Amino acid sequence: MQTACIAEVGERAAEVIEQKLCEFCRLLRAHGMQVTTGRMIDIFRALQAIDVFQRDDFYTALEANVVARASDREVFRQLFLQFWSGPA
């Protein structure tokens, strides 16, 4: 089984993940979530400690760093599934 934190996935792959995470954070903001620059930095730090290829770990790392209000949890879940599922 392949495991890798964001620092180990290769420079190009890390750039793509970083770009997609920024897009995802903009989407969350557009839906009223309070995703600050500090929270984004925390996301990148969290991704250094997990296997980014494990979807549940990836989800949990993002959720833990951006969901500040209980009312945001379902919005986050729906947007995560929509955004990270790829093209339909």
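# Aromatic pairs and helix packing

Trainee: Phe80 has a relative accessibility of 1%; what does that residue count as, buried or exposed?

Mentor: Buried means under 20% relative accessible area, exposed over 50%, and partly exposed in between (1.4 Å probe, protein chains only). The value for Phe80 is 1%, so Phe80 counts as buried.

Trainee: What kind of model is this, and from which number are residues counted?

Mentor: This is a predicted model, in which local features need pLDDT of at least 70 and side-chain atom pairs count only at pLDDT 80 or more, while totals for chains, interfaces and linings use all residues. Side-chain values use heavy atoms, leaving out hydrogens and water, and each chain is numbered along its sequence as written, from 1.

Trainee: What pattern does the protein chain follow along the sequence?

Mentor: The protein chain has four helices and zero strands. Helices (H or I, at least four residues) and strands (E, at least two) are DSSP runs, numbered from the N terminus. Read in sequence order, the pattern of the protein chain is α-α-α-α.

Trainee: How many aromatic pairs are found, and which class does the pair Phe24 and Phe76 belong to?

Mentor: Searching the whole structure gives eleven aromatic pairs. Rings of Phe, Tyr and Trp (its six-membered ring) pair if their centres lie within 6.5 Å; planes under 30 degrees apart are stacked, over 60 edge-to-face, the rest tilted. The ring centres of Phe24 and Phe76 are 5.8 Å apart and their planes stand at 70 degrees, so this pair is edge-to-face.

Trainee: How many residues apart in the chain are Phe24 and Phe76?

Mentor: Phe24 is in helix 1 (residues 11-30) and Phe76 in helix 4 (residues 72-84). Phe24 is buried at a relative accessible area of 1%, and Phe76 is buried at 0%. The pair links distant parts of the chain, with a separation of 52 residues.

Trainee: What class is the pair formed by the rings of Phe58 and Phe80?

Mentor: Phe58 is buried, with a relative accessible area of 8%. The centres of the Phe58 and Phe80 rings lie 6.2 Å apart and the planes make 50 degrees, so the pair is tilted. Since Phe58 lies in helix 3 (residues 55-66) and Phe80 in helix 4, the pair ties together parts 22 residues apart in sequence. To name the class again, the pair is tilted.

Trainee: Which residues do ring pairs link into a cluster?

Mentor: Phe24 and Phe76 are an edge-to-face pair, and Phe58 and Phe80 are a tilted one. Ring pairs link these into a cluster of Phe24, Phe58, Tyr59, Phe76, Phe80, Phe83 and Trp84.

Trainee: How are helix 2 and helix 3 oriented, parallel or antiparallel?

Mentor: Helix 2 (residues 37-47) packs against helix 3 at about 150 degrees, with the axes 9 Å apart. Angles under 35 degrees are roughly parallel, over 145 roughly antiparallel, 65 to 115 roughly perpendicular and the rest oblique. The two helices are therefore roughly antiparallel.

Trainee: What is the orientation of helix 1 to helix 4?

Mentor: The axes of helix 1 and helix 4 come within 11 Å and cross at roughly 140 degrees. That makes helix 1, relative to helix 4, oblique.

Trainee: Which residues does Asp72 touch, leaving out those up to four places away in sequence?

Mentor: Asp72 is in helix 4 and counts as buried at 6% relative accessibility. Contact means heavy atoms within 4.5 Å. Outside the four places either way, Asp72 touches Met33 and Val67.

Technical notes:
Axes fitted to C-alpha atoms, helices over the stretch in contact; angles between N-to-C directions.
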